[in-house]
Amino acid sequence: MMSDYNREQLETILLVRNHFETLEPSEKARLKKKIDRYLQFRDDVDQFLQHHFSDLCTKKCYQDNYSACCNRDGITTFFADIVINVLESSQKETDRLIKALSFSSLGLKCVYLGQEGCLWRVKPIVCQMFLCEQARKAVFGPDPGLLKEWQGLQRREKKYTWPDRPVLFDSLEAYFIRAGHTSSLMYLHNSPGLLRVKHMAATKKRLAL
């Protein structure tokens, strides 16, 4: 029997993919252009993690099944995570996600974790930015300068995800809402906490005028 989590993820991936199939090539190209800067940010994070964490995390998390993130069902995915991933993925890559979600979750591993690692082309931002305490101590302890570099990447992340200003994740949700779609993963339009962030930012802006 499919879990509620798998069903929610599957429905959202199908919603996004089916919508993209209705678009003119020029509109799809416009959306791809819209996420260019975000993808550059993700490349910068990938390079940082590959250089400083790859050997440690591959052994501890993937090979030794240590991870508290990749070993659990129910990772947090934003609606925009799925939009970006489907937009950047081939049909075959998206089909792999759909196939993985079509089965009940087995064991403790994340449903998206395959034999060669994560099945996403552009994996969820929560996963990308997660560093366990053990890894942080091992890498940042001997070199505080690397911690400052990581904190800079965390600040850049908020420019795309934290809605105290116009951000990409919010605008991608709004794009699909205007097209008549809805999803429980549209946290920037549904989450009380994130709606409060928006309200406080709007109030602050009005008071500053």
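This is a predicted model: local features need pLDDT of at least 70, side-chain atom pairs count only at pLDDT 80 or more; totals for chains, interfaces and linings use all residues.
Asp164, with a relative accessibility of 35%, counts as partly exposed, a class that lies between buried (under 20% relative accessible area) and exposed (over 50%), computed with a 1.4 Å probe on protein chains only. Its partner is Arg165: the two form a salt bridge, with the closest N and O atoms 3.1 Å apart. Arg165 is likewise partly exposed, at 37%.

Residues are numbered from 1 along each chain as its sequence is written, and side-chain values use heavy atoms, with hydrogens and water left out.

A salt bridge here is a side-chain nitrogen of Lys or Arg within 4 Å of a carboxyl oxygen of Asp or Glu. The count by this rule is nine.

Which residue forms a salt bridge with Asp95? The partner is Arg17, at 2.7 Å between the closest N and O atoms. Because Asp95 lies in helix 6 (residues 91-101) and Arg17 in helix 1 (residues 4-21), the pair ties together parts 78 residues apart in sequence. Helices are DSSP runs of H or I, at least four residues, numbered from the N terminus.

Lys32 and Glu88 also meet in a salt bridge, at 3.3 Å from N to O. This pair links helix 2 (residues 25-34) with helix 5 (residues 79-88), the two residues being 56 apart. Lys32 is partly exposed at 32%, and Glu88 is partly exposed at 25%.

Finally, the cysteines. Zero disulfides, meaning pairs of cysteine sulfur atoms within 2.5 Å, are found in the whole structure. For Cys118, the nearest cysteine sulfur is that of Cys127, 6.4 Å away.
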